[in-house]
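Work through the exercises below with the sequence and the model at hand. Each task is followed by a solution in steps.

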Amino acid sequence: MPTELLFRQDAYLRETAATVEAVNERGGIILDRTVFYATGGGQPGDAGTLRRSDGSAIAIGTAVYDPGDKSRILHVPLEGQTAPQPGETVTAVLDWERRLKRMKVHTALHLLSVVLPYPVTGGAIGDGDGRLDFDIPEGGLDKVELTEKLNALVARNAEVSCRWISDEELDANPGLVKTMSVKPPRGSGRIRLVAIGDIDLQPCGGTHVANTAEIGLVAVTDIEKKGKQNRRVRIALA
């Protein structure tokens, strides 16, 4: 059965009761439902614990999609953990502080793509920092100027919301897709859009804060030339 992705409905849900569906040959734990985001779209998989009924806990280092079935998430334990049994009830608990930092950075990177309205060729989200790579023909980017523009968007206290459209609707609006290297997942018949007020709208499966005010101050920390027409812009939460 597909894993029920609770983070898609509520990114602020920190824990949930779940049933162990299976443990694969490499120790990856499949639950019937989860709050753990699985690695994808430049956002790392969540870490945390699976609390067992006897009071012990299984430390989870990351979460990834099952290579054999992309509808299921594998919770990857750290070395030396005792595997649970199929059918066992556990409580999946996020490392919330780490997740929240990633939510803030991910939302800030969406705003950065507004400040720099160029095709995005890559990106990554860290624990309090992140980057986007842009296809920009000319240099001359200024960190101070970009920081001011980015914080001006953050300060608009814009609500962040999600909605779904069909594959056909996305095909009719190709300008919604800003990323050149990562395309929205297809096959389910619908695409998830993330809207930041009237500032930005783009397909995204990641987790975000509910309002830009939660991001706080952001700084553009570095601008690197990664090729003739490629600029890497790094940001960090202040």
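Predicted model: local features only at pLDDT ≥ 70, side-chain atom pairs only at ≥ 80, totals over all residues.

**Exercise 1.** Determine which residues of α3 are buried and how they are arranged about the helix axis.

Solution. 
- Helix α3 covers residues 143-154, and its twelve residues reach 16 Å from the first C-alpha to the last, close to the 16 Å expected at 1.5 Å a residue.
- Buried means under 20% relative accessible area. In α3, Leu-146, Thr-147, Leu-150, Asn-151, Leu-153 and Val-154 are buried.
- Down the axis of α3, these buried residues fall within an arc of 150°, so they line one face of the helix.
- An α-helix has 3.6 residues a turn, so residues three or four places apart point the same way.
- On the other side of α3, Val-144 and Glu-148 are exposed.
- The cover over the buried residues of α3 includes α2 (96-115), β14 (218-227) and β15 (230-237).

**Exercise 2.** Find the side-chain oxygen that reaches a backbone nitrogen at the start of α3.

Solution. 
- The oxygen belongs to Asp-142 and comes to within 3.2 Å of the backbone nitrogen of Val-144.

**Exercise 3.** Which parts of the chain does the salt bridge between Arg-99 and Asp-46 tie together?

Solution. 
- The closest N and O atoms of Arg-99 and Asp-46 are 2.8 Å apart.
- Arg-99 lies in helix α2 and Asp-46 in the loop between β4 (33-34) and β5 (48-52), so the pair ties together parts that are 53 residues apart in sequence.
- Both Arg-99 and Asp-46 are buried.

**Exercise 4.** Locate the partners of the salt bridge between Glu-88 and Arg-52, and state whether they are buried or exposed.

Solution. 
- The N to O distance between Glu-88 and Arg-52 is 2.8 Å.
- Glu-88 is in the loop between β7 (69-77) and β8 (89-94), and Arg-52 is in strand β5, 36 residues apart.
- Glu-88 and Arg-52 are both buried.

Key: Residues numbered from 1 in each chain as written. Heavy atoms only, no water. Helix = DSSP H or I, 4+ residues; strand = E, 2+ residues; numbered from the N terminus. Expected span 1.5 Å × (residues − 1). Buried < 20%, exposed > 50% of the residue type's maximum accessible area, 1.4 Å probe, protein only. Arc of directions from axis to C-beta. Contact = heavy atoms within 4.5 Å. Polar contact = N/O pair within 3.5 Å; in protein donor to acceptor, adjacent residues only side chain to side chain. Salt bridge = Lys/Arg side-chain N within 4 Å of Asp/Glu carboxyl O.
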